[in-house]
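Hi everyone, thanks for coming. Let me put the sequence and the model up on the screen, and then we'll walk through a few computed values together.

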Amino acid sequence: MLDMLRAIVQEVNTAEDLDAALNIIVRRVRDAMGTEVCSVYMRDPKSDRLVLSATEGLNKSGIGTASLEEGQGLVGQVAEREEPVNLEDAVAHPSFQPIPGIGEEPFS
């Protein structure tokens, strides 16, 4: 796992800009974890919302527009608590909140 992380960091270091770096991260983490989807949300300082900033596996048209408030949904919980959330069945969690239009499907 450390070798994979090291390789991701090295590739990110060669990125031309933030968007390219984020795209490398979501693609490589998704592949390393063997998942169908990996997304990055970043806090917009103007709106103080968590905005979908990169994704592999979801509808890319949501990048820059799909957003959550801190504490809203599982992504908002991660931001609020500043720690990962590891769930066996995310859809069953009371905080699960799909964002319309980005192609989320129920997952475990």
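Here is a question to start: among contacts in the protein between residues at least 6 apart in sequence, what percentage join residues at least 24 apart? The value is 27%, where contact means heavy atoms within 4.5 Å.

A quick word on the ground rules. This is a predicted model, where local features need pLDDT of at least 70 and side-chain atom pairs count only at pLDDT 80 or more, while totals for chains, interfaces and linings use all residues. Residues are numbered from 1 along each chain as its sequence is written, and side-chain values use heavy atoms, leaving out hydrogens and water.

Now the fold. There are three helices and three strands, in the order α-α-β-β-β-α along the sequence; these are DSSP runs, with helices being H or I of at least four residues and strands E of at least two, numbered from the N terminus.

On to burial: 26% of the 108 residues are buried, meaning under 20% relative accessible area with a 1.4 Å probe, protein chains only. The C-alpha atoms fill a box of roughly 40 × 35 × 25 Å along the principal axes.

Finally, let's zoom in on Glu 56. This residue sits in strand 2, residues 49-56. Its side chain makes a polar contact of 3.4 Å with that of Lys 60 (N or O atoms within 3.5 Å, one able to donate a hydrogen and the other to accept it; residues adjacent in sequence count only if both atoms are side-chain atoms). Leaving aside residues up to four places away in sequence, Glu 56 touches Val 26, Arg 27, Arg 30, Glu 36, Val 37 and Cys 38.

Technical notes
Buried means under 20% relative accessible area, exposed over 50%, partly exposed in between (1.4 Å probe, protein chains only).
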